[in-house]
Amino acid sequence: MAETASVNIDSTLNEQRKFECPDHFRQQAHIQSLEEYERIYRESVEQPEKFWGRIAEELHWFKKWSKVLEWNNPWAKWFVGGQINISYNCLDRHVQTSRKNKAAVIWESEPGEVRTLTYQQLHREVKKFANVLKLLGVKKGDRVAIYMGMTPELPIAMLACARIGAPHTVVFGGFSSNALIDRIHDSEAVAVITQDGSYRRGSEVKLFPAVEEALKSCPTVKHVVVYKRTGTSINMQAGRDHWWHELMANASDDCPAEPLDAEHPLYILYTSGTTGKPKGVVHTTGGYSVATYLTTKWVFDLKEEDTYWCTADIGWVTGHSYIVYGPLQNGATTLMYEGAPNFPEPDRFWSIIDRHQVNVLYTAPTAIRTFIKWGDEWPKKHKLDSLRVLGTVGEPINPEAWMWYREVIGHNNHDRAAARSNWCQAGLGHATIPRHRSRSRHYGRQARPARLRRIPDPQAALAGNVAHHLWRSRPLCEAILVADSRRVLHRRRRAQR
C-alpha cells in the first residue's frame, strides 16, 4: 500500500503594493477615517439591533417594527411586525422631494438610442404597470416570471411587482426555454413578462419564442405581457398574450404601494442549475431593503450628483441589488446598457462612460481581463476623467487585472477608490466584503467580512427541502436556497395569516 504523502500548499503571492487614500477623498466620504469605520463595525457586531435599527429608520415604513431581530436558530426575522414596500422607498419618497425631476434611469440601447426616465416618470410607469398586473388578476403573493432584455421596462416590471406584493423571479434573457420551464414550475408563476426580442452584438436575440415553447408545459401561467422592442413578428395567443403598450395605454397611474410585512417575499432568484436542479433563493423585503440601501450608499460612497453604472445583467443578483433596488432607494441615477461591450467596437464601455459622464463604475474581473486582451488603445481613446470610484464584483480579481483597472481606466484620476471584489451576493442579496473609502488601498486586503455559518443539518431544518442555508452570524437578509421554493412561500404565507 502506497504511503500517503503529506503536502502543504503555500500561496506564492506576496503582494505589497499599497495606495494611500487622498485626504480630499477621505474628507468627503461617508466614512471618513479608519477609526470611524472600526467604531461602526464594532457596533454592528456587538449591538446589531441598535445598528440596523438606526439604519432602517432612514427608509420609509408604513408601520415601525416591534422588534429589530427575532433569532431562533436557524431562523432569523428582521424588523418583526414592521410594514414596508421597496417600490415606495425606490420611488414615492423621492418624488415628494426635489429629486422628482432627477434622472432615475439612463438607458442606452446597443443600436444607440438613449432614454432617460426621471423619478417622477418612472414612478408613473411603475404605478401604471402595477395596475396592469392587477387587471390581469395578479394579486399579493402571486409569483410573476420576468424574461426580458436590458430595457427600462425590466426594472419597471420588477418595481410594479414589488409594489403590489407579487414576488418576481427574473430569468436571465440568455437562458433557454428549459430554464424557463424549471423556474416557472417551481415558483408556480401565474404570469410571464417578456419582450419580442433584444439586441446583442448587432443581431436580434429572440425572446418570445422561448416563452411560447416553455408555456406548452406550464399550466399555471394564465397571462403573458409582451413588450415590443424589436418589432419582429411573433405568434400571439388570443386571451393569454397581451402587448405591453396596449395594456399601458388605458392603465390608471393611481396605484398606492401595498404595505407589506418585513418578512414578505420580494423575489426568488434561481441558481444556474449547472450542478443539478436550479435552487430558488427567496429574498424577503425588510432586511433586503435595508441591506441593499446601506451597502450601495457606503460601498460606492454614493453622492447625490453621481451617475452610477453597474454593468451586470439584471438577470443576476448583482443587477437586482446594484442596478435597481440599491441605487433607486438611494435616489441615485443608475445607467443601463442593452448590448455587448464590443459593439460596434471594443471601446463601447469607455465611450458610454464619457458620453454619460459616469462617476461610479462597477464591473466584473472577467470583463476586465477581456478588456486587457483587447488592448489599451481602446480605453486610451477616451478621457474617462469623470470616474471617481471603480469597483469589481463576482469573483476574485488577480493583482495585474486590479492594477490595469487602476492605471488604465483610472489613468486620469488616481484619486479614485480601489477596485475590489465582492462576493456571496446570491445567498445574501448584497455585498459582503466591500472596502470602505477611508483606508489605504492595499491589493488583496479587504474590509472586515460578514461572518457566515452553515446549518449543520439542513435537511432536518426544512424537512428535506433545503439544499443549504448560508447566513451571517445575525443575518440581515434571510436567503434560503431551496430545492422547492413553493413550500417556503406557502409556509411564509401561513405564518403571516
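How many of the 497 residues in the protein are buried? Buried residues make up 60% of them, where buried means under 20% relative accessible area, exposed over 50%, and partly exposed in between (1.4 Å probe, protein chains only).

A word on what you are looking at: this is a predicted model, in which local features need pLDDT of at least 70 and side-chain atom pairs count only at pLDDT 80 or more, while totals for chains, interfaces and linings use all residues. Residues are numbered from 1 along each chain as its sequence is written, and side-chain values use heavy atoms, leaving out hydrogens and water.

## Inside the protein

The protein has 17 helices and 26 strands; these are DSSP runs numbered from the N terminus, with at least four residues for helices (H or I) and at least two for strands (E).

Let's start with the largest nonpolar core, which has 67 residues. Such a core is a set of buried Ala, Val, Leu, Ile, Met, Phe, Trp, Tyr and Cys residues joined through side-chain atoms within 4.5 Å. Helix α6 (residues 153-164) gives the most to this core, with 9 residues. Among the residues with the most contacts inside the core are Ile193, Phe129 and Trp244. Ile193 is in contact (heavy atoms within 4.5 Å) with partners including Phe129, Ile146, Ala157 and Trp244. A second, separate core of 27 residues includes Leu361 and Val408.

All 5 of its 5 residues are buried, so β16 is largely enclosed by the rest of the structure. Gly280, Val282 and Thr284 lie on one side, with Val281 and His283 on the other. Strand β15 (residues 265-270) pairs with β16 in the antiparallel sense over 5 bridges; pairing requires at least two bridges found by DSSP. Within this pair, Tyr270 stands opposite Gly280.

## Salt bridges

The structure holds 23 salt bridges, each a side-chain nitrogen of Lys or Arg within 4 Å of a carboxyl oxygen of Asp or Glu. Here are some of them:

| Pair | N to O distance |
|---|---|
| Glu108 and Arg355 | 2.5 Å |
| Glu204 and Lys206 | 3.5 Å |
| Asp301 and Lys303 | 2.6 Å |

Glu108 lies in strand β5 (residues 103-108) and Arg355 in helix α12 (residues 348-356), so the pair ties together parts that are 247 residues apart in sequence. Glu108 is buried at 2% relative accessibility, whereas Arg355 is partly exposed at 45%. Asp301 and Lys303 also belong to one network with Asp306 and Arg388, joined by salt bridges that share partners.

Key. Lists of a residue's contacts leave out its neighbours within four places in sequence.
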